[in-house]
Amino acid sequence: LLPPREHWRLYPEFSQDAVFFDIETDGNEHQVPTVVSLFDSAGLHASIHGRNMDALPEAMAARRLWVSFNGTCFDAPVLRNYFGAERFPSPEAHIDLRFVTKGLRMSGGLKEIEDTLGVGRPPHLRGVNGWDAVLLWRAYKARGDVEALRFLVEYNLYDAVQLRTLMEVA
């Protein structure tokens, strides 16, 4: 019954039923998800295009509360378009930390806010961004570069983990 801008109020009550998620895409006009990371009470999970992405809708449907950063504008619409509206679930509530942090007068993207709060990335992930994720995926696809895929998955998993930290602080 709460409007979306107030969904953050549900977190203390439903934190055990929350999933923190982030996606990376191929960077093409019709965005295809390449890696999707989930972090919930069961741990970390990575879905990779061409490997285990088909199980993602069921995994997301198992959680009542979704937490993302800009996920209502980008992540969820990309996934809904990719899987189809009839297959991809909608949560009971979705906390978009982009708008929560904006309301707290924190500016910038996820990584900038992390740095402002003193919970930034380890040195080998500092400065890596969404375009780098596209390039890593393309390196993996073009040359079978498994190290590029490993780094991409690590980067994306870290996004999901950091969302919980940011939610707790906010």
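**The pockets and their linings**

Author: In this predicted model, the largest pocket has a volume of about 440 Å³. Its lining is made up of 26 residues. Those that lie nearest the centre of the largest pocket are Lys111, Asn129, Gly130, Tyr155 and Asp159.

Several elements of secondary structure take part in this lining. At least two residues each come from strand E1 (18-25) and from the helices H3 (71-83), H5 (110-117), H6 (130-143) and H7 (146-169). Of the contributors to the lining of the largest pocket, H5 gives the most, with five residues. Sorted by class, the lining of the largest pocket holds 10 charged residues, nine nonpolar ones and seven polar ones.

The second largest pocket holds about 210 Å³ of space. Its lining consists of Pro4, Arg5, Glu6, His7, Trp8, Thr72, His94, Ile95, Asp96, Phe99 and Val100. With three residues, E5 gives the most to the lining of the second largest pocket. By class, the residues lining the second largest pocket comprise five nonpolar, three polar and three charged.

In the largest pocket, the lining has 10 charged and nine nonpolar residues, whereas the lining of the second largest pocket has three charged and five nonpolar residues. The leading contributor is helix H5 in the largest pocket and strand E5 in the second largest pocket.

Key:
Residues are numbered from 1 along each chain as its sequence is written. This is a predicted model: local features need pLDDT of at least 70, side-chain atom pairs count only at pLDDT 80 or more; totals for chains, interfaces and linings use all residues. Side-chain values use heavy atoms; hydrogens and water are left out. On a 1 Å grid over the protein atoms alone, a cavity is a set of points where a 1.4 Å probe fits but cannot get out, and a pocket is an open set with protein on both sides within 12 Å along at least five of seven lines; lining residues have an atom within 4 Å of a point. Grid points are joined across faces, edges and corners, and a volume is the space filled by probe spheres set on the points. Helices (H or I, at least four residues) and strands (E, at least two) are DSSP runs, numbered from the N terminus. Ala, Val, Leu, Ile, Met, Phe, Trp, Tyr, Cys and Pro count as nonpolar, Asp, Glu, Lys and Arg as charged, and the others, Gly among them, as polar.
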